[in-house]
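Please read the points below with the structure open beside you. They are meant to be checked one at a time.

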Amino acid sequence: MRDIIKMILVLAILSTFSGGLLAAIRTGTKDKIENQQLQFVKGPAIRSILEGASNDPIADRFKLKDGDIERSFFVGAFDGKANCIALESYGKGYGGDVGVMVGINIDENKLIGAGVTTHAETPGMGARAKEDPAFVSQFKGVDVKDAYKVTTDGGKIDAISGATITSRAVCAAVTDVASIYSRLKPQISDKIKEFNK
Amino acid sequence: MAKSIVQEFTKGLWDEIPPFRLVLGLCPTLAVTKTVENGIGMGLATTFVLVCSNILVSALRNMIPSKVRIACFIVVIATFVTVVELLMQAYTYPLFLKLGIFIPLIVVNCIVLGRAEAFAFKNPIAPSLADGLGIGVGFTIALAALGAIRELFGAGTILGINVFGPSFQPFNFMVEAPGAFVCLGLMLAVMNLAKK
């Protein structure tokens, strides 16, 4: 009996200490890990969309509550004035969610670019959405109020040949970004003003 | 147990170098040695876990009841592996992406558990530290050596620096799994020959 109590006690104390240590390290490295993930996973897409920005869009980011979800916005400053944001959304593709980062100029309410971040589409087919800049460049300069659809669905976006589902997923993600943007426009403008102070 | 601390350290570098002499921890040895960089990264991560778990197990050896010692070892080792995983994500993210699942798998690496059971549980802190460090450095050297051979012939580079020039035809077999087995086998044969 004494043995069992000792065993339980030792294991319990050991586990408690280990849990405490891990919780402390997790809290300590949380921001750093988030930064690294943004840098290496989403960084390339953000940088190419906000190319020529005078600030670091990954450092200058803010979060807003959209219903129950918290969304990250990346700020791009051009000619010393912050007037562009980038945010990410997802569309249902052939092999799972396709993540698309979209940049919006908030003065003109126009898209300044888009780029695929994460996907699991077929290499050589749907994966071209990420590799071929010609496809995502079609979103450049389009007004946020426009409908984003591929030509077969009556829209203006030329789908990647052989990858209509992926093309639709990208369009759906961009549409979602546009609707989030319209919904949160007042809060976004407020936040941007803080950056221009 | 009359060995000095220095001997405890140096035995891990040659006499008991883990993958070649003890033939332990072969899973990461075969899986992550495509390049020297991966090998060194994996080796250092394992060394950190090994040293920390050896010290802690040795410090607690009189308190841990022997019936639940394996469970205690696993808790200690798993804690340090998670620490390494978090630190790698925070500071060396690209390397973390390359090593991927093999970092959490250090928990079940039999070198780490083996040293806790066979050495640290029976010895004071100082020799346990030396033992962990020696075995860890030996493991790192072994992975780096295997990685160097595979990277040299498979990609024509060492640490990403081109060695053979542009006319080199990569020997793809070496970077694939069968190449890892053949390479390890040849290394073992050379080590046995050297011992005789």
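The numbered points below go from confidence and overall form to single residues.

1. Confidence. This is a predicted model. Chain A has a mean pLDDT of 85, and 99% of its residues reach 70 or more. Among the elements of chain A, strand β4 (residues 97-105) has the highest mean pLDDT, 89, while strand β1 (residues 61-66) has the lowest, 82.

2. Elements. How many helices and strands does chain A have? There are four helices and five strands in chain A. Read from the N terminus, their order is α-β-β-β-β-β-α-α-α. You can trace this order on the structure yourself.

3. Overall form. The radius of gyration of chain A is 22 Å, whereas a compact globule of 197 residues would have one near 16 Å.

4. Burial and contacts. In chain A, 41% of the 197 residues count as buried. Take the contacts in chain A between residues at least 6 apart in sequence: 51% of these join residues at least 24 apart.

5. Surface and charge. About 10,500 Å² of chain A is accessible surface, and carbon and sulfur atoms account for 55% of that area. Chain A carries 26 positive and 24 negative side chains. The centres of these two sets lie 4 Å apart.

6. Thr29(A). This residue is found in helix α1 (residues 2-49) of chain A. Is Thr29(A) buried or exposed? Thr29(A) counts as buried because its relative accessibility is 6%, and the cut-off for buried is under 20%. Which residues is Thr29(A) in contact with, leaving aside its neighbours within four places in sequence? They are Leu86(B), Leu87(B) and Ala90(B).

7. Leu60(B). The loop between α4 (36-59) and α5 (69-91) of chain B holds Leu60(B). With a relative accessibility of 18%, Leu60(B) also counts as buried, because the value is under 20%. How far apart are Leu60(B) and Pro124(B) in space, C-alpha to C-alpha? The distance is 9.9 Å, although Leu60(B) and Pro124(B) are 64 residues apart in sequence.

Methods: Residues numbered from 1 in each chain as written. Chains lettered and ligands numbered in written order. Predicted model: local features only at pLDDT ≥ 70, side-chain atom pairs only at ≥ 80, totals over all residues. Heavy atoms only, no water. Helix = DSSP H or I, 4+ residues; strand = E, 2+ residues; numbered from the N terminus. Rg over C-alpha atoms; globule rule 2.2 N^0.38 Å. Buried < 20%, exposed > 50% of the residue type's maximum accessible area, 1.4 Å probe, protein only. Contact = heavy atoms within 4.5 Å. Areas by Shrake-Rupley, 256 points an atom, 1.4 Å probe, with all protein chains shown as cover. Lys, Arg positive; Asp, Glu negative; His and termini not counted. Charge placed at Lys NZ, Arg CZ, Asp CG, Glu CD. pLDDT = per-residue confidence, 0-100.
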